[in-house]
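Hi,

Here is the structure I promised to pass on. Have a look, and my notes follow below.

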Amino acid sequence: MSRVAAIDCGTNSIRLLIADIDRTNGTTTLTDVVREMRVVRLGEGVDATGELSQAALDRTFAATADYARLIAGHGPAAVRFVATSASRDASNRDVFVAGIRDLLGVEPEVISGDEEAALSFAGASSVLPVLDGQEVLVVDLGGGSTEFVLGTAAGVTAAKSVDIGCVRLTERHLRADPPTAGQIAAAQADVDNAIALAGRDVPLERATAVVGVAGSVTTITAHALRLDEYSPDAIHGAELPLATVRSAAGDLLQLTRAERAALPYMHPGRVDVIGAGGLVWARILERVAELSGGRITTATASEHDILDGIALSIG
């Protein structure tokens, strides 16, 4: 048994997992000790400016300082900090790296899209029985990028990271409340181009099941289930008809900001970007269903993702 701490710093949120890992008898079990999430919007404005703003850095450093205190209180044997899309794209990422190093005492890793995809697949595949005997497409829909990962229980077959995400598309296109038809059409064109790009490296038509991970997907699932509150237990492993998921995604895109904010399962940090998340998820599911020739009719949501993959990669 070993205790580890994993931090996933994305475009929209920064998350902490302190967990105990038990590797005995050929199996690996991950048991949560602490699981935290803060929306810091590190990637705010990066798509337009190419750099991390001081305000975004300050928010991220404040959350990291809180996480450092939690980590110190639980005594993990190892800590791994992983940063993804916004940090990859930023010209001043050295400022970010130095700040995290000073606060946490470990070197933050700004990982490639391919490694992000592999970690997301590892996290999702560690807990979902849907992988048994299937070739599964895991889609990690983030704030700045989306990873398409095809694999089996034996591991990753093919992967591709593309620069579409709920923060990036909201800032680039969906600025009205609610977005206009022209803004939606422009965003859809970006998403469709990105799916086509992913399809050059990942044979999407081979997928026999689809699993979505990260906050946009789980929030859309909560909306589809009409939950009274955000419930990870209800969301994790929920397998819903594609029509149901796409309807929920489209609904969130058309609601006003105030209407989204009033939903009982909506995190305040997702209110302004969940419409774009819904657009991305709906377009991906539509295209994958087409390529499967009708074989894929449902989508599964997972609460376990890259954060779990980071934890499992330690030691």
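**What turned up**

Glu286 and Arg283 sit 3 residues apart in helix H12, about one turn of the helix. They form a salt bridge, with the closest N and O atoms 3.7 Å apart. Glu286 is partly exposed at 27% relative accessible area, and Arg283 is partly exposed too, at 21%. Bear in mind that this is a predicted model.

That pair is one of 23 salt bridges found in the whole structure. Another joins Asp272 to Arg41, with the closest N and O atoms 3.1 Å apart. This pair links distant parts of the chain: Asp272 is in the loop between helix H11 and H12, Arg41 is in the loop between E3 and H1, and 231 residues separate them. Asp272 is partly exposed at 28%, whereas Arg41 is buried at 12%.

Arg41 has other polar partners. Its side chain makes a polar contact with the side chain of Asn12 at 2.4 Å, and the backbone oxygen of Gly269 lies 3.0 Å from a polar atom of the Arg41 side chain.

There is also a salt bridge between Glu109 and Arg80, at 2.9 Å between the closest N and O atoms. Glu109 lies in strand E5 and Arg80 in strand E4, so the pair ties together parts 29 residues apart in sequence. Asp47, Asp163, Arg168, Arg172 and Asp190 are linked in a salt-bridge network.

Now the nonpolar side. The largest core has 54 residues, and Leu137, Phe148, Ile220, Trp281 and Ile284 touch the most other members. Helix H12 gives the most to this core, with 10 residues. A second, separate core of 27 residues includes Ile14, Val40, Leu42 and Ala86.

Cheers

Methods: Residues numbered from 1 in each chain as written. Predicted model: local features only at pLDDT ≥ 70, side-chain atom pairs only at ≥ 80, totals over all residues. Heavy atoms only, no water. Polar contact = N/O pair within 3.5 Å; in protein donor to acceptor, adjacent residues only side chain to side chain. Core = buried A, V, L, I, M, F, W, Y, C linked by side-chain atoms within 4.5 Å. Buried < 20%, exposed > 50% of the residue type's maximum accessible area, 1.4 Å probe, protein only. Helix = DSSP H or I, 4+ residues; strand = E, 2+ residues; numbered from the N terminus. Salt bridge = Lys/Arg side-chain N within 4 Å of Asp/Glu carboxyl O.
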